[in-house]
Every structure is written in structure tokens, then in C-alpha cells.
Amino acid sequence: MSKNPTTNTAIRIPTEIYEKIEFQASTEDKTVSAIINNILRKYVSWDQFVSDVGFVFLQKPFVRNIFEHVSDDDMVKAAKTSCYTGMRDAISFIHGKNNVESIVDVLKLWFSASNFNNKVIQADGKIEFRIQHNLGRKGSLYIGTLISSLFTDLNVKSKESLLKEHSLVIVFSSTSKK
């Protein structure tokens with residue numbers, strides 16, 4: 001049972017859409033209400049902001065191919081400049097502030113919207129990001145550099161990082177040193 005208060009409401013949904021949601025619910029062993037709540041949660045926390053903050057949807061094979069044609073130095077430079085600025089602005093736009101919690105929240109939203117399998121573990125004074133992105137080694141370099149740049153704003157340096165072909169693990173202290 002959810003600890004958050006809920007509101008009962010009635011809405012009209014076209015039959016065709018309801019049937020698709022009902023089919024998805026049955027195949028995922030979820031309720032129709034759970035599927036609709038997930039859709040609404042994703043919309044209010046991410047989808048409504050996507051175009052405003054400059055995100056576009058591209059196929060992973062295309063992005064992976066483009067990344068492979070960019071030098072490591074250029075990838076790091078792009079991640080630390082325009083990509084960092086865009087993500088920092090997205091965090092400010094969505095949350096109104098840049099702190100550890102808002103950075104973690106927006107990164108989780110981005111990973112989820114990008115269909116990157118991810119786990120963010122916050123325990124023992126650290127934040128550990130585990131991301132399976134399937135964008136190649138350069139994807140790991142890009143994502144790791146971007147995340148590190150966001151935390152550098154808070155004077156938080158990575159404690160360790162492991163960049164692999166299609167995944168990365170990066171760990172930070174969970175408190176800033178300012």
C-alpha cells in the first residue's frame with residue numbers, strides 16, 4: 001500500500017488507449033491504475049520539460065556511431081561544456097536549484113527516459129551510480145564526465161570510477177565539501 005495520499009477521480013480515456021494500457025498491465029502483472037500512475041509520474045517529472053530543456057530522442061546505435069567518430073579529448077570537452085551547461089540548466093529548470101538531491105533526481109529521470117538500466121545507491125556517506133547504457137566506451141566517458149562535472153559544482157569529487165564498454169560505475173561522497 002502506498003504511503004502517499006491518493007485522490008480518486010474519474011477520467012475519460014479512449015477505449016483503444018484503455019485497452020492497450022489494460023493489455024500492458026496484464027502482461028506486466030500490474031494494475032491499470034499502476035500503469036496510468038507511472039505514465040502520469042513520468043510526465044510531471046520529466047516529459048513536460050524535455051523539449052524546454054533541449055533534449056531530443058535519438059536511436060542508441062546512431063548515438064554510439066557518432067560517439068565513435070569523436071576523439072576522447074573532444075568527448076570530454078563537449079561533456080564539460082555545452083552538455084554540462086544544458087544538464088545544469090535542466091536541473092535548475094526542473095527543481096529550481098542545484099544540490100545533490102536535485103542532481104541525483106534529474107540524472108535518474110534522464111537514465112530512465114533514455115532506457116539506461118541504472119541503480120543509484122545512496123548509503124554510507126556516498127552516492128554510487130551504476131549505469132548500463134550500451135553506447136560504447138565513449139558513452140561511458142561522456143556520461144562519467146558529465147556526471148562528474150555536475151558534482152564538481154558542489155565541490156564533490158568522484159571517489160572512484162570504472163568506465164567499461166557499455167557501462168560505468170562512479171562513486172561520490174554524498175556531502176559537499178564547501
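This is a predicted model: local features need pLDDT of at least 70, side-chain atom pairs count only at pLDDT 80 or more; totals for chains, interfaces and linings use all residues.
Colleague: What makes H5 mostly covered?

Modeller: Buried means under 20% relative accessible area, and 10 of the 14 residues of H5 are buried. Among them are Val100, Ile103, Leu107, Trp110 and Phe111.

Colleague: Which elements do the buried residues of H5 pack against?

Modeller: They pack against the helices H2, H4 and H6, and against strand S1 (117-123) and strand S2 (126-132).

Colleague: How do you know that the span of H5 agrees with its 14 residues?

Modeller: The expected span is 1.5 Å times one less than the number of residues. For H5 that should come to 20 Å, and the end C-alpha atoms are 20 Å apart, so the two agree.

Colleague: Why is the pair of Asn99 and Glu101 called a polar contact?

Modeller: A polar contact needs N or O atoms within 3.5 Å. At the start of H5, a side-chain oxygen of Asn99 comes to within 3.2 Å of the backbone nitrogen of Glu101, so the pair meets that cut-off.

Colleague: How many residues in the lining of the largest pocket are nonpolar?

Modeller: The lining divides into 22 nonpolar, 5 polar and 1 charged. The space in this pocket is about 720 Å³, and the residues closest to its centre are Phe55, Val56, Val63, Trp110 and Tyr142. H4 gives the most to the lining, with 6 residues.

Colleague: What lines the second largest pocket?

Modeller: It has 17 lining residues, with Thr6, Thr7, Ser33, Asn37 and Leu40 nearest its centre. They divide into 7 nonpolar, 9 polar and 1 charged. About 580 Å³ of space lies in this pocket.

Technical notes
Residues are numbered from 1 along each chain as its sequence is written. Side-chain values use heavy atoms; hydrogens and water are left out. On a 1 Å grid over the protein atoms alone, a cavity is a set of points where a 1.4 Å probe fits but cannot get out, and a pocket is an open set with protein on both sides within 12 Å along at least five of seven lines; lining residues have an atom within 4 Å of a point. Grid points are joined across faces, edges and corners, and a volume is the space filled by probe spheres set on the points. Helices (H or I, at least four residues) and strands (E, at least two) are DSSP runs, numbered from the N terminus. Ala, Val, Leu, Ile, Met, Phe, Trp, Tyr, Cys and Pro count as nonpolar, Asp, Glu, Lys and Arg as charged, and the others, Gly among them, as polar. Buried means under 20% relative accessible area, exposed over 50%, partly exposed in between (1.4 Å probe, protein chains only). Contact means heavy atoms within 4.5 Å. A polar contact is a pair of N or O atoms within 3.5 Å; within protein, one must be able to donate a hydrogen and the other to accept it, and residues adjacent in sequence count only if both atoms are side-chain atoms.
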